[in-house]
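Below are a few exercises to work through, each with a solution in steps.

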Amino acid sequence: MTAPRYDVVAIGNAIVDILSPATDAFVAENGMTKGAMALVFSPEEADALYAKMGPGQEVSGGSAANTIAGMAMLGSSCAFIGQVADDQLGEVFAHDIRAAGIRFDTEAREGAPTTGRCMIFVTPDGQRTMNTFLGASHYLPADALDRGLIAEARYLYLEGYLWDPEEPRAAMRAAIDVARGAGRKVAFTLSAEFVIDRHRDAFHALIDAGLIDVLFANEAEMMSLTRTQDIEAAIAAVRAKVPLLVVTMSEQGACAIAGDERVSVPAEPVSAVVDTTGAGDLFAAGFLHGQARGKGLKESLTLGAICAAEVIGHFGARPLADLKALTAGV
């Protein structure tokens with residue numbers, strides 16, 4: 001097996017986040033569940049909700065794209081595969097990800113729908129309520145995969161959010177086959193409880209077949225996956241089926257389990273929680289970067305905790321501070 005050219009190639013939703021402050025009353029009046037993510041299924045509905053937003057900021061997003069943006073800032077070599085449309089937001093996404101030093105070669109898709117966008121309403125307590133119109137991102141075909149690129153990456157990183165539609169799901173299955181055929185590792189994030197509810201059996205099948213080397217989940221996602229109300233029971237049900245299980249537990253920190261080894265770290269202190277968008281994505285960035293650099297579980301968890309703490313201290317799901325400087329002592 002040849003040495004990997006990239007630390008990670010990620011496949012995920014190519015989305016531009018639009019963030020705006022909002023009151024709890026606004027969230028309730030518009031039928032949103034505070035702190036949750038809901039899908040917007042039509043362009044008309046997306047346009048109507050966008051019209052209600054106050055002044056905001058546009059930042060390229062998408063769960064897996066956020067993760068590799070963080071990894072690139074830490075010094076990892078990264079590539080991304082995701083579908084945008086041939087429109088203004090598609091140009092914004094492509095510019096941002098390439099400017100971060102990430103290889104992005106997926107051709108833009110012509111015609112409707114538009115590039116995906118996530119309208120994020122951030123309440124004063126830092127909670128983010130997301131309304132996502134996935135648009136072109138859910139039309140990623142298997143023939144858009146660069147199989148040689150996937151085979152050259154140490155890790156293939158996949159987000160559960162993209163498992164919903166048939167076309168990108170088939171692309172991700174094909175990518176798993178390429179990665180495993182090349183002797184590379186597959187990392188998978190469960191993404192959200194509503195995703196698990198729709199694809200629980202499929203996710204269990206991936207895990208049971210030994211196709212996942214690194215599984216990322218938060219506490220609620222683990223309990224949803226295993227249909228239990230006890231996090232320790234959930235961990236016990238999965239830990240023997242994946243070589244490396246990583247579970248985040250908000251302010252309680254995070255743990256990683258590899259075989260008989262279990263390591264935990266506390267959450268990093270923050271002066272104020274401004275916006276929790278991207279916390280899990282950046283935790284995965286720090287952890288995977290540590291693993292790609294041959295660091296142990298504790299060091300990798302600490303890197304993840306530092307990256308997550310940075311991103312919740314400001315608006316947006318991409319780091320603003322120098323992650324290399326923040327993590328220099330790890």
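**Exercise 1. Is Ser250 buried or exposed, judged by its relative accessibility?**

Start with the ground rules. This is a predicted model, where local features need pLDDT of at least 70 and side-chain atom pairs count only at pLDDT 80 or more, while totals for chains, interfaces and linings use all residues. Residues are numbered from 1 along each chain as its sequence is written, and side-chain values use heavy atoms, with hydrogens and water left out.

Step 1: get the cut-offs. Buried means under 20% relative accessible area, exposed over 50%, and partly exposed in between (1.4 Å probe, protein chains only).

Step 2: apply them. Ser250 has 60% relative accessibility, so it counts as exposed.

Step 3: Ser250 lies in the loop between strand 12 and strand 13. Strands here are DSSP runs of E with at least two residues, helices are runs of H or I with at least four, and both are numbered from the N terminus.

**Exercise 2. Which backbone angle stands out at Ser250 and Arg227?**

Step 1: recall the background. Most residues other than glycine have a negative phi, and most peptide bonds are trans.

Step 2: check the two residues. Ser250 is not a glycine, yet has a positive phi of about 50°. Arg227, also no glycine, has a positive phi of about 55°.

Step 3: look around Arg227. It sits in the loop between helix 8 (219-226) and helix 9 (231-238), and at 65% relative accessibility Arg227 counts as exposed.

Step 4: turn to the peptide bonds. The one from Ala112 to Pro113 is cis, with omega near 0°; Pro113 is in the loop between strand 6 and strand 7.

**Exercise 3. What is the strand order of the five-stranded sheet, and which strands are at its edges?**

Step 1: define pairing. Two strands pair if DSSP finds at least two bridges between them.

Step 2: read the order. The five strands go 3-8-7-2-4 in an open sheet with mixed pairing. Strand 3 (37-39) and strand 4 (57-61) are the edge strands, each pairing on one side only.

Step 3: follow strand 8 (residues 128-133). Strand 8 pairs with strand 3 in the parallel sense over three bridges, and Met37 stands opposite Met130. Strand 7 and strand 8 run antiparallel, joined by six bridges, with Val122 opposite Arg128. Their hairpin has five residues between the strands, and Gly126 takes a positive phi near 90° there.

Step 4: check the cover on strand 8. Six of its six residues are buried. Arg128, Met130 and Thr132 point one way, while Thr129, Asn131 and Phe133 point the other.

**Exercise 4. Which strands stand at the edges of the nine-stranded sheet?**

Step 1: write down the order, which is 6-5-1-9-10-11-12-13-14 in an open sheet with mixed pairing.

Step 2: take the ends. Strand 6 (103-104) and strand 14 each have a single partner strand, so one side of each is left without a neighbour in the sheet.

Step 3: inspect two pairs. Strand 10 (residues 185-189) and strand 11 (residues 214-218) run parallel with three bridges; Thr189 has Phe216 as its bridge partner. Strand 13 (residues 254-258) and strand 14 (residues 261-265) run antiparallel with five bridges, and Cys255 stands opposite Ser264. In that hairpin, with two residues between the strands, Gly259 takes a positive phi near 65°.

**Exercise 5. Which residues are closest to the centre of the second largest pocket?**

Step 1: On a 1 Å grid over the protein atoms alone, a pocket is an open set of points where a 1.4 Å probe fits, with protein on both sides within 12 Å along at least five of seven lines; lining residues have an atom within 4 Å of a point.

Step 2: get the volume, about 190 Å³. That is the space filled by probe spheres set on the points, with grid points joined across faces, edges and corners.

Step 3: name the residues. Of the 13 lining residues, Val40, Phe41, Leu134, Gly135 and His138 are the closest to the centre.
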